[in-house]
Amino acid sequence: MKERKILFEIKMLDNMIDRKICGSVEKNNLTHTQARILKFLYDNRDRKVYQTDIEKEVDVRRSTVSGVLDTMERNNLIIRKNSSLDARKKEIALTESSLNKHKEIVKKISDFEDVLLDGISKEEIHVFIEVIDKLKRNLRK
């Protein structure tokens, strides 16, 4: 039997998930990164969020996040406003339009996750998450 390398298996799984999720997310004219940013902003809508918070959360470079946020602002998904705490920073918040899109996306992702996890026990999911956390820690070293 051919030896399977974990790195290639992870990348293949990521590509498969990306294709499936992006297919449904792009129907809302959003990229995968934009959808992740919308989710982060939605989950943190009760606090002030800055670009650096988004960069850390989605693990994307500053220049990439800047470009994505510019596009999202042009498409009326976010607003940027001057921070009341730091004049050098802009607070980033959702618009009414993005709140509506977020609800649709959450439903599609939830449905997709149900399909993805079909036949996998809670214990297996728990072990999988533990392994993923260890892999992430190793990459942060």
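My entries below go from the whole chain to single residues.

**Ground rules.** I am working with a predicted model, where local features need pLDDT of at least 70, side-chain atom pairs count only at pLDDT 80 or more, and totals for chains, interfaces and linings use all residues. Residues are numbered from 1 along each chain as its sequence is written, and side-chain values use heavy atoms, with hydrogens and water left out.

**Overall fold.** I looked up the secondary structure and found six helices and two strands. Helices here are DSSP runs of H or I with at least four residues, strands are runs of E with at least two, and numbering starts at the N terminus. Along the sequence I read α-α-α-α-β-β-α-α. The C-alpha atoms fill a box of roughly 60 × 35 × 25 Å along the principal axes.

**Burial and contacts.** I checked how much of the protein is buried (under 20% relative accessible area, 1.4 Å probe, protein chains only). The figure is 26% of the 141 residues. For contacts (heavy atoms within 4.5 Å), I noted that residues 24 or more positions apart make up 45% of those with a separation of 6 or more.

**Helix α2.** I took α2 next, residues 32–43. Its twelve residues reach 17 Å from first C-alpha to last, close to the 16 Å expected at 1.5 Å a residue; that expectation is 1.5 Å times one less than the number of residues. Gln34, Ala35, Ile37, Leu38, Phe40 and Leu41 are buried in α2.

**The core.** Which residues have the most contacts inside the largest nonpolar core? I found Ile37, Leu41, Ile54, Leu69 and Met72, in a core of 18 residues. At least two core residues come from each of α2, α3 (51–58), α4 (62–74) and β2. The largest share, five residues, is from α2. For the record, such a core is a set of buried Ala, Val, Leu, Ile, Met, Phe, Trp, Tyr and Cys residues joined through side-chain atoms within 4.5 Å.

**Leucine 41.** Beyond residues up to four places away in sequence, Leu41 touches Val49, Ile54, Ile78, Ile92 and Leu94.

**Threonine 95.** Is this loop residue buried or exposed? Threonine 95 sits in the loop between β2 (90–94) and α5 (96–116), and it is buried, with a relative accessible area of 9%. Apart from neighbours within four places in sequence, I see threonine 95 in contact with Asn76, Leu77, Ile78 and Ile79.

Technical notes: Buried < 20%, exposed > 50% of the residue type's maximum accessible area, 1.4 Å probe, protein only.
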